[in-house]
Amino acid sequence: MAADTGSYIKHHLTNAQMCSTDTGIAFNEACANAGFMTLNIDTLLWSIVLGLVFLLTFRSVAKKATTGVPGKLQCAVEMIVGFVDSSVKETFHGKNKLIAPLSLTIFVWVLLMNAMDWVPVDLIPTIAQLIGGTMGVDPHDVYIKSVPTTDLNMTFALSLGVFFLVIFYSIKIKGFGGFMKELTFQPFNHWAFVPVNFILETVTLLARPLSLALRLFGNLYAGELIFILIATIGLFQLPVHFLWAAFHLLVIPLQAFIFMMLTIVYLSLAHEDH
Amino acid sequence: MNVNLTLVGELIAFVVFVLFCMKFVWPPIIAAIEDRQKVIADGLAASERAAKDLELAQDNAKAQLKEAKAQAAEIVDAAKKREAQVIEEAAVKAQAERDKIIASGHTEIESERNRAKEELRKQVAVLAIAGAEKILERSIDAAAHGDILDKLVAEL
């Protein structure tokens with residue numbers, strides 16, 4: 001049983017991978033030695049599908065957007081947009097056409113990806129195994145991890161995107177010299193402290209994307225892991241699963257909100273000229 | 001779990017999604033929201049202005065009504081005064097007329113009486129003469145006794 005449980009959990013936490021080898025395109029275990037040149041196709045698939053769900057829904061509303069009496073979908077979309085807009089306006093006081101849509105994309109996309117946590121842990125893998133079975137693949141070789149934010153690649157992609165924007169706007173607003181000055185003359189404003197300051201500030205700067213990515217990943221990975229553990233305890237899992245899923249009513253939007261909010265904060269810090 | 005090429009793929013997807021959102025999603029929705037907010041704000045301002053106008057109009061109407069009432073009262077007062085004046089004038093005139101009529105009546109009565117008196121005197125003179133004639137059984141010369149007759153008439 002213990003070995004079964006162990007392999008069950010491991011199976012659920014393994015990404016479907018794709019890589020190109022000498023013999024052509026290979027999948028999963030065959031990619032064990034491919035190193036960096038591997039794609040987690042389940043993460044890519046789900047994140048892009050969810051991203052398209054977000055964009056196409058919002059785009060359809062945007063196309064039909066009326067200033068008159070809005071429909072129900074438009075109301076819902078406008079609530080989210082208004083919420084993001086007020087969050088941005090409260091924190092960021094400069095003028096930037098990118099930050100609000102960026103925040104909206106991050107919030108809704110991360111929310112949708114986190115929401116995949118609510119899908120019963122065996123549902124999507126079982127369907128995938130059935131489909132794989134009809135295509136003649138051993139069900140044990142079919143891996144699928146349906147919550148993209150439990151993949152470090154996903155969270156780091158988001159946080160690095162934000163990080164690049166922070167660097168870009170820091171240099172754009174303050175100039176390269178100004179950016180360097182910020183890195184070397186804080187927190188101790190004396191030339192003798194320049195190396196110390198530089199080390200401190202660099203750590204601060206780098207800690208931001210790292211913490212951003214790891215916070216989201218950690219919360220969702222842990223949540224998913226507990227869901228999988230709950231799924232191994234038999235019939236009693238039903239009430240426990242319900243409790244844990246209800247708890248995620250809090251975790252899932254909160255993590256999406258935190259990611260969005262910190263993005264806004266970091267970018268507004270990048271816009272501040274000292 | 002390892003970081004691999006997926007990171008790059010997701011980064012590209014992220015950039016594309018954000019750009020799409022920035023170009024095609026955010027501007028129309030936020031424009032619709034802000035336009036509607038403006039429409040609502042304008043509507044509220046207009047209704048507030050209308051309410052203020054209404055209040056002003058009501059005040060105006062009240063003031064006008066008050067003025068009209070005051071004017072009406074004034075007119076009624078004036079009319080009453082005039083009425084009293086007319087009545088008084090009429091009374092005075094009537095009194096004067098009455099007095100005049102009474103006075104003329106008096107003079108007429110007086111003159112009538114005088115005339116009757118005169119008539120009576122004459123007739124009394126004639127009667128006296130006739131009586132005297134009867135008593136004396138003879139005619140009296142009216143000319144010869146004229147002085148006696150005149151004296152008699154004067155005594156009547």
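This is a predicted model: local features need pLDDT of at least 70, side-chain atom pairs count only at pLDDT 80 or more; totals for chains, interfaces and linings use all residues.
Which side chain of opposite charge is nearest to E224(A), and how far away is it?

Residues are numbered from 1 along each chain as its sequence is written, chains are lettered from A and ligands numbered from 1 in the order written, and side-chain values use heavy atoms, with hydrogens and water left out.

Back to E224(A). This residue sits in helix α7 of chain A. Helices here are DSSP runs of H or I with at least four residues, strands are runs of E with at least two, and both are numbered from the N terminus. E224(A) is buried, yet has no salt bridge. Buried means under 20% relative accessible area, exposed means over 50%, and partly exposed is in between, with a 1.4 Å probe and protein chains only. A salt bridge puts a side-chain nitrogen of Lys or Arg within 4 Å of a carboxyl oxygen of Asp or Glu. For charge, Lys and Arg count as positive, Asp and Glu as negative; His and the chain ends are not counted. The answer is K145(A), at 7.9 Å. Leaving aside neighbours within four places in sequence, E224(A) contacts D117(A), V121(A), V147(A) and T150(A). Contact means heavy atoms within 4.5 Å.

Now chain A as a whole. Its secondary structure is eight helices and three strands. The order along the sequence is α-β-β-β-α-α-α-α-α-α-α. The C-alpha trace spans about 65 × 55 × 40 Å along its principal axes. Of the 274 residues in chain A, 44% are buried.

Next, the inside. A nonpolar core is a set of buried Ala, Val, Leu, Ile, Met, Phe, Trp, Tyr and Cys residues joined through side-chain atoms within 4.5 Å. The largest one has 57 residues. F58(A), V81(A), L104(A), W109(A) and L158(A) have the most contacts inside it. Both chains contribute: the elements giving two or more residues include α3 (72-91) of chain A and α1 (6-136) of chain B. Another core lies apart from this one, with 15 residues, among them I9(A) and A245(A).

Take V81(A) as an example. Beyond its neighbours within four places in sequence, V81(A) touches F58(A) and L104(A), and from chain B, W26(B), I29(B), I30(B) and I33(B).

On to salt bridges. K174(A) pairs with E182(A), with the closest N and O atoms 2.9 Å apart. Are these two buried or exposed? K174(A) counts as buried because its relative accessibility is 11%. E182(A) is buried too, at 18%.

Compare E118(B) and R121(B), whose closest N and O atoms are 3.4 Å apart. They are three residues apart in helix α1 of chain B, so about one helical turn separates them. E118(B) is partly exposed, at 39%. R121(B) is partly exposed as well, at 24%. Elsewhere, salt bridges with shared partners join D85(A), K89(A) and E34(B) into one network.

Last stop, the surface. F36(A), M37(A), V3(B), V8(B), I12(B) and V16(B) make a nonpolar patch of about 520 Å². V16(B) is in helix α1 of chain B. V16(B) counts as partly exposed because its relative accessibility is 47%. Patch residues have over 30% relative accessible area and no salt bridge; like charges are joined within 9 Å, and nonpolar side chains (Val, Leu, Ile, Met, Phe, Trp, Tyr) within 5 Å. Accessible areas use the Shrake-Rupley method with a 1.4 Å probe; for residues, only the protein chains shown count as cover.
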